[in-house]
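Hello,

Here is the structure for you to look over. My notes on its cavity and pockets follow below.

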Amino acid sequence: KSWEVVADNLGFADALCSDAEGNLYFSDMKAHAVYRINASDGTRTEIAREAVSGLKPGADGLLYGCQGAQKRVISIDATTGAVNVVASGVAPNDLVVTDDGFLLITETKAEQVTRINIKTGEVTPVDTGITRPNGIALSNDGGTLAVSDSGGEFAWMFRLNPGATLDAKMPSMTLRLPIDYEGEFQFNEPPPYLTASRGDGMAVDAKGRYYITSALGVQVFDPTGRPCGVLPKVDVEQPLTSCTLAGPNHSTLYIAHGTTIYGRKLTVE
């Protein structure tokens, strides 16, 4: 189906994620609030007075959020609204939660992926060298980590080992780049392209496809990293930051698109 408005007149939407029931969570960065949209009836509830750029549920029932400006990662109890600091002294952009109790965060300016032990708060860099690591996602079996590069043309894949260590780093998903309209155009030649895809938030559906927000729209890849196509931006004037699969059967793709959140039902199976 086509895109439908789910929430509008927001300050700046980001940090989309969903829980096992398909409830949708997001942050309005300018309102400094985190909300839940119920999967069954669409009602919206404020669950915390915090602004986060990345948000993911953990197996312990808590939500974990990134607060780069405050240089910390927090946990949020979606039932009580209680907020606790998990780690400080980091500059997180986005994150995932591993099955064995670790957070992996992207620190964009530091050009690194960082591991956080949820129980102890211990912080350890586990990868460096991606130009601007931004979005991050786990495969359904938890064995592969994907990281988008907003400053380059690839999303990278890693093998995720016990203890949240990484190896087998590969540039596995090649993102389409925006045309450089100020560049030099040649007759019968491809147009000049910008070097930064602005690859951002990532999601994985039930069949293992990857969805990556970018300057052009949501770019879709099969489980091996081959491109499947691009869902263009709804509004070319608005930024496109994060995405997630939520709703009944997690079959609706939601995007945070500036001041608006849109949903689009997919045929996932």
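**Pockets and cavity**

The second largest pocket has 19 lining residues, and R198, S214, A215, K233 and L240 lie nearest its centre. This is a predicted model: local features need pLDDT of at least 70, side-chain atom pairs count only at pLDDT 80 or more, and totals for chains, interfaces and linings use all residues. Residues are numbered from 1 along each chain as its sequence is written, and side-chain values use heavy atoms, leaving out hydrogens and water.

On terms: a 1 Å grid is laid over the protein atoms alone; a cavity is a set of points where a 1.4 Å probe fits but cannot get out, a pocket is an open set with protein on both sides within 12 Å along at least five of seven lines, and lining residues have an atom within 4 Å of a point. A volume is the space filled by probe spheres set on the points, which are joined across faces, edges and corners.

The second largest pocket holds about 380 Å³.

The largest pocket holds about 830 Å³. It is lined by 28 residues, with S18, K56, P57, L138 and N140 closest to its centre.

There is one cavity of 30 Å³ or more. The largest cavity holds about 90 Å³. Its lining has 16 residues; A15, S53, D94, G201 and S242 lie nearest the centre. β2 (13–18) and β6 (55–57) are the elements that each give two or more residues to this lining. Strands here are DSSP runs (E, at least two residues), numbered from the N terminus. β2 gives the most, with three residues.

Best wishes

How values were computed: Helices (H or I, at least four residues) and strands (E, at least two) are DSSP runs, numbered from the N terminus.
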